[in-house]
Every structure is written in structure tokens, then in C-alpha cells.
Amino acid sequence: GLLFAVASAMCAAFSFVGATSMKMDFLPIANVRTDALLYDPYVGECLSDHVHTFYGSIDPSAETLRPNATHGVLRRAVGNTGNVLENKSLYWHPTIYKVATAGSDGNGGRRFEAADVWFASAYYVWRTGQASAFPDGLKMRTHGADPVARATSHCAPEPTACERADGCDGNGDFLPTHACWELEINIKFPTCWDGVHLESTDESHVSWAEGCASAITEESWDPECFDLPCPASHPVRMPEIHFYTRILDYQGGQHVFSDGSDTFHADYMSGWNSTALQRVLDECENESDAASPDFFCSEQLKYRTPKVEGEQAEDGDILESLRSFQPAAVDVQRLIAPEAVDGMSELPRGACKGKLLG
């Protein structure tokens, strides 16, 4: 059973080796107001509080995006916006909106325009032979309000002046008011699991590694925590997920997340076959020591376009590669929720408020 498998993984003897990482890239599936982490079988399906941008496993019926999506649904899906065949996981975060005014003179009404995501990446970081695969269907969330999530936003290569015709005022910090050639957002997920529960309403089934919080200092505000010990309450060490999303030609000025805040969070549901992922974690070895853009575990995984270990691809080449194999777009307004999620005068909000189709 599940506990036996966990105990076996924990007790296995492995030799000490260096850190390993692998990078997987994605295009977004769609923006829709659902959230599988909030599904309550006693309440039934309903819309979530705010709109999310999804990446990963998808099928023509958009079943993977529904509130009651399961590991089985993800595994059965025939489409995937990511570049690794075996990774049928789902990743999502609150949609990023530019707050625009209807007139260039600044006197028009507000309009919330969904920012175009360039592409996203998930890095897994672990020590070879010393991490357990995510159990089938594990769900977890990480929230930037917690410093240990180490959420960052980076303007590359350097911030530039906002030149929006409708004004550049804003009160954001994480979503900056200055412009960027590329705005890159990053957050980390917990690495320790209690070995029993696949989800929980208060996220108590997962935990941060011991010492991760204290490792964050003014001099080291983004430390690596993947190899720190897990607490006795959450003894199963998993790979650390570093999730990145990027906006090209970020214009600055007022931007918000779909929950109306300036604080990032992200969600994950594992769609891996845990046995297959465990083989990767035990066999793949490289010299990363952190989330490295030039390592892929390509001998253990099937990438949709060939990867060369030790070679970092240009962002434009990554985008071109991702576009070459994308599944057909899904019409979430026809399949899941008819509400508009782009160009609205107000953000669609409210858990279980609004119409969920089918």
C-alpha cells in the first residue's frame, strides 16, 4: 500500500552524490476560474474565487481543468503543453492582469487585460537517490506571503521606464510599475510530505524542510533548501519544485493578480506515474547544485524536441520548440465557465459564485 511504498523509499540505502536538477518548459493551456485544490466532494463542483492560468496536461473536453480533476484524469489526457511526455502534472497560478483605462487621457473606465505569458518552466532539484517521487495525485500550494516560498520577480535585463499611454501609476511592488523586456516570476514548493494525505484544506500534509526559514537572510534571500532534512511529522523528502513564469514586453504601470493582490502563489497536482518518476530521481545525476537551465535528465525522460545536456537554449528557441507540438486550444468558455476572463471592467471573484457548465 501507500505507507509501505513510502517506508521502502525512506529506508533504501543510497550513496551520497551531488545535487541534480531537470528543467521542463510549458506554454499556458488557458485562463479559467477553477481550482482543483479547493474541490470539496461534499459541496460539489463550483467555480473558485479567482481566475487561474494553467499549464500541463489537457484533453479536448478540458476535464483536467475542472474543479474535480484527479490523478486519473491527468494520466488519461491525450494533450500536454509541456515538453516532457511523462510529466502529465498540472501547474497553475493566479492570472496576471494589466489594469488599463479606456482612454489614453486616463479618464476612461478600468479594464482588466490578461497579460500574455511567454512561457513557464518547472525545475525539479534533488540529490540523486535521496528523494521520493511525488505520490500519485499529490496536490499542494505555495504562497508568496510566506518568506520560505522565496517568491521573486525579476526584470531582465534591467528595468526601463514605463511609457503606457494610459498612465504609469500603480501601487505594486512584486508586479513592478517599471517596464521590463522580460518579467520573470519564480516561487518554490514545499519538499516534505507526511506520507499519508494527498491533500488537505490547510496544506498541513506538506511542510518546508527544517532550517529553510532560518537560511533566509539579508545576504542570502533565496537559499537552496532541497537537501535540508524533513521534520519527523513530514518524513518524506520530495524534489523541490522551482516554478517560473515569464511575461515578455511587460509594460509596467498598474498590474494585479486575479485575486486583486500583489502577492504570488502557485499550485501543483502531480500527474506523474510515481514509479517512473522514482527511477528518474534514483538514476539521473548531474552537477546542478541549483535549478539549472542546461540539465534535463534526457536519458531518463522523453523530451518532445531533443535536449543536449549542459547546453542552455535561447528563450526564443524554447518558445519555437514549444509551439511546434501544442495541442489544439480548448474553449473554456464553452466547456467550463461562460464568463469573460479578459477585457472585463471588474475581476470575476467569489468562490462558488457564477455558472459552471456541464
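Predicted model: local features only at pLDDT ≥ 70, side-chain atom pairs only at ≥ 80, totals over all residues.

Biologist: Why is His52 called buried?

Modeller: Buried means under 20% relative accessible area. His52 has a relative accessible area of 1%, so His52 is buried. The residue belongs to strand 3, which spans residues 52-58.

Biologist: What makes the approach of the His52 side chain to the backbone oxygen of Thr34 a polar contact?

Modeller: The cut-off for such a pair of N or O atoms is within 3.5 Å. A polar atom of the His52 side chain lies 2.8 Å from the backbone oxygen of Thr34, which falls within that limit. Beyond four places in sequence, the residues that His52 touches include Trp92, His93, His265 and Asp267.

Biologist: What makes the pair of Tyr97 and Phe112 edge-to-face?

Modeller: The angle between the planes is 85°, and an angle over 60 degrees counts as edge-to-face. The distance of 6.4 Å from centre to centre is within the 6.5 Å limit. Tyr97 is in strand 6 (residues 96-101) and Phe112 in strand 7 (residues 110-114), 15 residues apart.

Biologist: How do you know that Tyr97 and Phe112 are buried?

Modeller: Tyr97 has 0% relative accessibility and Phe112 has a relative accessible area of 4%. Because the cut-off is under 20%, each counts as buried.

Biologist: How do you know that the buried residues of helix 5 are on the same side?

Modeller: The buried residues of helix 5 (residues 315-323) are Ile318, Leu319, Ser321 and Leu322. They cover an arc of only 165° around the axis, which puts them on the same side of the helix. Glu320 and Arg323 are exposed on the other side of helix 5. The buried residues pack against strand 1 (19-26) and strand 8 (117-127).

Biologist: Which residues have the most contacts inside the largest nonpolar core?

Modeller: They are Met22, Tyr124, Phe134, Met140, Tyr268 and Trp272, in a core of 52 residues. The largest share, 5 residues, comes from strand 8. A second, separate core of 20 residues includes Ala30, Ala36, Val330 and Val332. In soluble globular proteins, nonpolar side chains tend to be buried together.

Biologist: What makes Cys46 and Cys352 a disulfide?

Modeller: Their sulfur atoms are 2.0 Å apart, and a disulfide is a pair of cysteine sulfur atoms within 2.5 Å. Cys46 lies in the loop between strand 2 (28-32) and strand 3, and Cys352 in the segment after helix 6 (332-335), so the pair ties together parts that are 306 residues apart in sequence.

Biologist: Why are Cys46 and Cys352 called partly exposed?

Modeller: Cys46 has 22% relative accessibility and Cys352 has 44%. Partly exposed lies between the limits of under 20% for buried and over 50% for exposed, so both cysteines count as partly exposed.

Biologist: Why is the disulfide of Cys212 and Cys225 called right-handed?

Modeller: The torsion about its S-S bond is about 85°, so the disulfide is right-handed. The sulfur atoms of Cys212 and Cys225 are 2.1 Å apart, and both cysteines are buried. The link of Cys284 and Cys297, with -90° about the S-S bond, is left-handed. Cys284 and Cys297 are likewise buried.

Biologist: How many disulfides are there, and what pattern do they follow?

Modeller: The count comes to 6 disulfides. With bonded cysteines counted along the chain, the pattern is 1-12, 2-5, 3-4, 6-9, 7-8, 10-11.

Technical notes
Residues numbered from 1 in each chain as written. Heavy atoms only, no water. Helix = DSSP H or I, 4+ residues; strand = E, 2+ residues; numbered from the N terminus. Buried < 20%, exposed > 50% of the residue type's maximum accessible area, 1.4 Å probe, protein only. Polar contact = N/O pair within 3.5 Å; in protein donor to acceptor, adjacent residues only side chain to side chain. Contact = heavy atoms within 4.5 Å. Phe/Tyr/Trp six-rings, centres within 6.5 Å; stacked < 30°, edge-to-face > 60°. Arc of directions from axis to C-beta. Core = buried A, V, L, I, M, F, W, Y, C linked by side-chain atoms within 4.5 Å.
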